[in-house]
Every structure is written in C-alpha cells, then in structure tokens.
Amino acid sequence: MTVLRCVLLVTMMLLGGLQAARTQTVGGVDYAPEYDFSEFWAATDGRFFRVIVAGNPFPQMPVEEAKQRMLPVMQANKPRPALTFTYQQPPEQLRPDYRLVLVFDPANDLTAARVCAGQIFLKKPTEPRTLGRVYVFGIYCRNDLALSQTTAWTQANGPEDPRLGQMFVQLFLTLFDDRRWHRSPFNPWFAR
C-alpha cells in the first residue's frame, strides 16, 4: 500500500508540474495616475495601433520572421477595442503618440520611462536564458509617458504555440485594464 501511495504522489506531482509548465504568468502591474481606459479606447477603436518589438523571443529564427509570425497571434488575442496592430511607423509623427512596446529579454535595469523615451536595452547575449521561455516587458506609452507596464512569461516553442497567444491575452488584459475605468467617479455608470 505504501508503494502505491508513493507512485500516486509522484504522479500527482508530475501532473502538477506539467500544468505549471503550460501556464502563462503576468507579473506586477503599474498604472500612471494619467492612465484612462476610455482614452485608450478612443485612440485605438477602429484604428491602427503601433507596436514596437525589441529583442527576439525565438532566437532559433530571424527576428523579422519572428515579428511577422507574432503579429497575427497578437491580433487574434487583441484587447477589446476594434484595433489593428501594426509595426508600420506613421508617415508623420503623431501627437499624442500612443504605442505598445514589447521588449523581449529586457535588461534587468530597464525601466518603462526609458522605454517610452526610446531607450531600450536587452540582456547581454552571454547571460543565461531558459530554452523555450518567452519573457516580455510590455509598456503602453503616450508620447514619453508610460501609462501602464507589466511583465509576462510562458513556455513557447514558436509564434504559433497556443501558450504564446494565451500569454498575450493576459498581457493585454493587464496593460489595458478597463476595470479602473468602471470604478471612476467620472464614469456615469459608476456604482459604489
């Protein structure tokens, strides 16, 4: 009976470990006092929304190929507004300049303020990385101001891996949180 219990315990631990390996994780989140979901909605609904990608989440393929294969995955898992993600730089500088910046394998000392100011630093190629682990620092910027920021990570073998899509769902729900809007006293449907 003891052997059976040990086998059962080991099996349960293995299944739990496999489940944990399949999950997506979103780190802590930070919103600037200026963050307003209704502003995000107005700026992106029915429009193109620029994404800047730094780093390569899949070093086994060229960075441009990884970016192009990730774009439809992001679009399929986009936040609620009817936006279209694009990597295209607008022909003229927009003001305000709303954008999503995704930094894969960021340097440990990288801040959202630096990212929105155009300073992006990645981990050194000599720093150890876990094979198959995608780690991203996501920042929603308006001009040089970081309106929201978070990190997310998952195991994924390529851009079409369903775990990457699920990570984007969680990342977007966190970066573009409408719950803060629903609680606003300036929202006419505000309920205490």
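Is Thr151 buried or exposed at 16% relative accessibility? Thr151 counts as buried, because 16% lies under the 20% cut-off. The model discussed here is predicted.

## Thr151 and its surroundings

Thr151 has its place in strand E6. Neighbours within four places in sequence are left aside here.

Strand E1 covers residues 25–31. Strand E5 covers residues 133–142. E6 itself spans residues 145–155.

## The sheet

Six strands build an open sheet. Their order is E1-E6-E5-E4-E2-E3, and the pairing is mixed. Strand E1 and strand E3 (84–86) stand at the edges. Each has a single partner strand, so one side of each is left without a neighbour in the sheet. On average, neighbouring strands of this sheet are turned by 20° against each other, direction ignored.

Strands of a sheet pair through backbone hydrogen bonds, either parallel or antiparallel. E1 and E6 pair in the antiparallel sense, over five bridges. Within E6, Ala152 is the bridge partner of Val26.

Helix H5 (residues 162–175) packs on the sheet. H5 touches E1, E3, strand E4 (98–104), E5 and E6. The direction of H5 makes about 155° with that of E6.

## Helix H2

Helix H2 runs over residues 37–44. Which of its residues are buried? They are Phe37, Glu39, Phe40, Ala43 and Thr44. These residues cover an arc of only 160° around the axis, which puts them on the same side of H2.

Gly46 follows H2. The phi of Gly46 is positive, near 75°.

## The disulfide

How many disulfides does the model have? The count comes to one. Cys116 and Cys141 form it, with their sulfur atoms 2.0 Å apart. That distance is within the 2.5 Å cut-off, so the pair qualifies as a disulfide. The angle about the S-S bond is -85°, and the link of Cys116 and Cys141 is left-handed.

The pair links distant parts of the chain. Cys116 sits in helix H4 (residues 112–116). Cys116 and Cys141 are both buried.

How values were computed:
Residues are numbered from 1 along each chain as its sequence is written. This is a predicted model: local features need pLDDT of at least 70, side-chain atom pairs count only at pLDDT 80 or more; totals for chains, interfaces and linings use all residues. Side-chain values use heavy atoms; hydrogens and water are left out. Buried means under 20% relative accessible area, exposed over 50%, partly exposed in between (1.4 Å probe, protein chains only). Helices (H or I, at least four residues) and strands (E, at least two) are DSSP runs, numbered from the N terminus. The arc is that of the directions from the helix axis to the C-beta atoms. Two strands pair if DSSP finds at least two bridges between them. Axes are lines fitted to C-alpha atoms, for helices over the stretch in contact, and angles run from 0 to 180 degrees between N-to-C directions. Contact means heavy atoms within 4.5 Å.
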